Amino acid sequence: MARSPMHLLFVWLLVLLMDGVYASDGDADPIYKTCVEQCEKTGCVGGKCSQHCKFSSDGKPEGGPWYLQEPLYLQWKQWDCRSDCRYHCMFSREEEREKRGGKPVKYHGKWLFRRAYGFQEPVSVALSALNLAFHFHGWVSFFILIYYKLPLTPSKKTYYEYTGLWNIYGILSMNSWFWNAVFHSRIVKDFTVKSTVRKKMLNLLILGSKHWFWLDVELTEKLHCSSAVALLGFSLILAIQRAFSVRNEASRVMVSTPVIAFVTTHILYLNCYNLDYGLNIKVSVAMGVAQLLIWAVWAGVTHHPSWSKLWVAAVGGGLVMLLEIYDFPPYHGFVDSHALWHATTIPLTYLWWSFAKDDAEFRTSSFLKKAQ
């Protein structure tokens, strides 16, 4: 599983929708284009001016480089003149469109969000951080249960055979949510896309498009992709080993090695050769679907006392998919369908870690009864 195992797959489908889209109506608007061009010359849109567009006669920014013009907590964002001009022009056009009774449109493949404290999508960032906190709470409570509440072997090891797997899963989940928050804080500055129009979300499963992106923080983008893929790969290992009760060390190595080798090769390809979103989505969807099927089938046939929690997590993960299909403009510029999706993953995360703790108690109790 990933994040909770049923729904990290849906994050990747959203990323493709968000980043791999065809030209939007907003940025194709001639008035918007003219506004951006004028702003880059004057530095102002209406009564709003950008400090990033103030240049001296030699073409250098007045007041020094961008990192000397902003508070420390905003410096890492690297907002520049063009990004500020686009931001103000988008709001200017949307205000005019609203006065005429028109509906909001997307710009550069994305809905228009209001910045807050330097964050591009503040609500998604906050909810990502909250998801990270719930994973931390779930992992810590699992750790305390395993090592301080349940009995240990004479050698101070746990009776639960999957302790190590869950610990690694918790760490990878927190790492993935951290980079997800970074990703939503500042996504892309500019991109163009050459692809065939996909009108239905399910068509994303048969990707054939190629994408060209100009990322403003390429390192954080790669970390976001890599951390999510690593989590998906490890979650697949966890699903296989738990559902099929793989407890022998040799068998575990045989199961894990091919997956680890594949995921490692894929991450190296993305980071060192080509950040290919089309290929990355295919790999992520394949691993996500595989583990989803494993957990769902196992929940349906097992006699595990907490099978219902696992089943609810699987069904809930499928239902929240509707939030990704029903795409709508952000309410007051802050809350869109993806932000609501982040909110729904919080109870699923709690439920998933609850199952992990129940499973630890169940397996420990079963082992002690057999020993007696």
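Biologist: What are the ground rules for the values?
Modeller: This is a predicted model, in which local features need pLDDT of at least 70, side-chain atom pairs count only at pLDDT 80 or more, and totals for chains, interfaces and linings use all residues. Residues are numbered from 1 along each chain as its sequence is written, and side-chain values use heavy atoms, with hydrogens and water left out.

Biologist: What makes Cys35 and Cys89 a disulfide?
Modeller: Their sulfur atoms are 2.1 Å apart, and a disulfide is a pair of cysteine sulfur atoms within 2.5 Å, so the pair qualifies. Cys35 is in helix H2 (residues 30-42) and Cys89 in helix H4, 54 residues apart. Helices are DSSP runs (H or I, at least four residues), numbered from the N terminus.

Biologist: Why is the disulfide of Cys35 and Cys89 called left-handed?
Modeller: Because the torsion about its S-S bond is about -85 degrees.

Biologist: Which other cysteines are joined by a disulfide?
Modeller: Cys39 is joined to Cys85, with 2.1 Å from S to S. The structure holds two disulfides.

Biologist: How do you know that the length of helix H4 agrees with its residue count?
Modeller: The expected span is 1.5 Å times one less than the number of residues. For the 19 residues of H4 (residues 81-99) that gives 27 Å, and the end C-alpha atoms are 27 Å apart, which agrees.

Biologist: Why is Cys225 called buried, and why is Cys272 called exposed?
Modeller: Buried means under 20% relative accessible area, exposed over 50%, and partly exposed in between (1.4 Å probe, protein chains only). Cys225 has 1%, so this residue is buried. Cys272 has 63%, so this one is exposed.

Biologist: What makes Arg247 and Glu161 a salt bridge?
Modeller: A salt bridge is a side-chain nitrogen of Lys or Arg within 4 Å of a carboxyl oxygen of Asp or Glu. The N to O distance here is 3.7 Å, so the pair meets that limit.

Biologist: Which other residue pairs with Glu161?
Modeller: Arg363 does, with the closest N and O atoms 2.6 Å apart. Glu161 is in the loop between H5 and H6 and Arg363 in helix H12, so this pair ties together parts 202 residues apart in sequence. At 16% relative accessibility, Arg363 counts as buried, whereas Glu161, at 22%, counts as partly exposed.

Biologist: Where do Arg242 and Asp359 lie?
Modeller: Arg242 is in helix H7 and Asp359 in helix H12. They form a salt bridge, with the closest N and O atoms 2.7 Å apart. Arg242 is buried at 3% relative accessible area, and Asp359 at 0%.

Biologist: What makes a nonpolar core, and which residues have the most contacts inside the largest?
Modeller: A nonpolar core is a set of buried Ala, Val, Leu, Ile, Met, Phe, Trp, Tyr and Cys residues joined through side-chain atoms within 4.5 Å. The largest has 35 residues, and those with the most contacts inside it are Phe142, Trp166, Tyr169 and Trp295. Helix H7 gives the most to this core, with nine residues.

Key. Helices (H or I, at least four residues) and strands (E, at least two) are DSSP runs, numbered from the N terminus.
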